[in-house]
Amino acid sequence: MKGTERRTEIIRRISSSEKPVSGTDLAAEYGVSRQVIVQDIALLRATGCQIISTNRGYLLVETDRPRRVFKVSHTAEQMEDELNTVVDLGGTVVNVFVWHRVYGKVTGDLDISSRRKVREFLEGIRESRSAPLMNITSGYHYHTVEAPDEETLELIGQELSAKGYLLPDD
């Protein structure tokens with residue numbers, strides 16, 4: 001079974017289960033290592049699947065609003081404009097994450113849906129003297145964005161691209 005087919009089956013398997021499905025069970029079911037399952041889950045999450053990990057296994061969280069992951073890069077000075085671009089078009093910045101060579105995926109929940117929340121987030125960064133996650137990956141990072149519909153996600157992608165923030169997906 002190819003990786004794409006396996007990932008489709010993993011989503012089907014997790015979504016049809018009443019209880020968490022362990023990575024060990026998935027690995028045995030599809031004849032691959034548990035590490036392959038971990039990588040598959042990471043890829044599925046990167047495409048917007050809301051899979052959460054529990055101490056008993058994986059669960060799929062259903063949402064009625066479409067989501068998309070955007071790979072972006074900008075300067076610290078452009079962060080406010082990037083976030084405002086998303087919320088002004090009707091999107092919610094659900095999270096930010098980076099892929100670190102040592103630590104793996106590092107994620108921060110944001111839930112930014114308005115200019116007020118953008119200001120509060122930026123004030124929090126400044127007041128705590130914390131650095132944005134993008135600083136540990138030379139500026140590039142990912143945002144999971146939620147919107148009322150796919151058309152809004154398309155508009156957000158187009159505007160981020162027009163402003164030079166959107167990077168091609170690897």
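This is a predicted model: local features need pLDDT of at least 70, side-chain atom pairs count only at pLDDT 80 or more; totals for chains, interfaces and linings use all residues.
1. The side chain of threonine 85 is in polar contact with the side chain of lysine 163, at 2.9 Å. Threonine 85 belongs to helix H4. Its relative accessibility is 5%, so threonine 85 counts as buried, the cut-off being under 20%.

2. Setting aside neighbours within four places in sequence, threonine 85 is in contact with Glu159, Leu160 and Lys163. Between threonine 85 and glutamate 154 there are 69 residues of separation in sequence, and the C-alpha to C-alpha distance is 13 Å.

3. Helix H4 also holds asparagine 84. Is asparagine 84 buried or exposed? Asparagine 84 has a relative accessible area of 6% and is therefore buried. With residues up to four places away in sequence not counted, asparagine 84 touches Arg115 and Val118.

4. The largest nonpolar core has 18 residues, and the members that touch the most others are Phe70, Ile112 and Leu160. Two or more residues of this core come from each of the following elements: strands E3 (67–73), E4 (92–100) and E5 (104–112), and helices H4 (79–88), H5 (115–128) and H6 (150–162). Helix H4 supplies the largest share, 4 residues. As background, nonpolar side chains in soluble globular proteins tend to be buried together.

5. Beyond the residues up to four places away in sequence, isoleucine 112 touches Leu83, Val87, Gly91, Thr92, Val93, Lys117, Val118 and Phe121. Isoleucine 112 and glutamate 146 are 34 residues apart in sequence, with 10 Å between their C-alpha atoms.

6. A separate core of 12 residues lies apart from the largest one; Tyr30, Ile41, Leu44 and Tyr58 are among its members.

7. Aspartate 40 is a charged residue worth checking on the structure. Aspartate 40 is placed in helix H3, which covers residues 34–46. The relative accessibility of aspartate 40 is 2%, so this residue counts as buried. Which side chain makes a polar contact with the side chain of aspartate 40? The partner is arginine 6, at 2.5 Å. Leaving out residues up to four places away in sequence, aspartate 40 touches Arg6, Arg7 and Ile10.

8. The largest pocket contains about 370 Å³ of space. Its lining is made up of 15 residues, and those nearest the centre of the pocket are Arg45, Gln50, Ile51, Asn95 and Lys105. Strand E1 (51–54), E4 and E5 are the elements that give two or more residues to this lining. Sorted by class, the lining has 6 nonpolar, 5 polar and 4 charged residues.

Key. Residues are numbered from 1 along each chain as its sequence is written. Side-chain values use heavy atoms; hydrogens and water are left out. A nonpolar core is a set of buried Ala, Val, Leu, Ile, Met, Phe, Trp, Tyr and Cys residues joined through side-chain atoms within 4.5 Å. Buried means under 20% relative accessible area, exposed over 50%, partly exposed in between (1.4 Å probe, protein chains only). Contact means heavy atoms within 4.5 Å. A polar contact is a pair of N or O atoms within 3.5 Å; within protein, one must be able to donate a hydrogen and the other to accept it, and residues adjacent in sequence count only if both atoms are side-chain atoms. On a 1 Å grid over the protein atoms alone, a cavity is a set of points where a 1.4 Å probe fits but cannot get out, and a pocket is an open set with protein on both sides within 12 Å along at least five of seven lines; lining residues have an atom within 4 Å of a point. Grid points are joined across faces, edges and corners, and a volume is the space filled by probe spheres set on the points.
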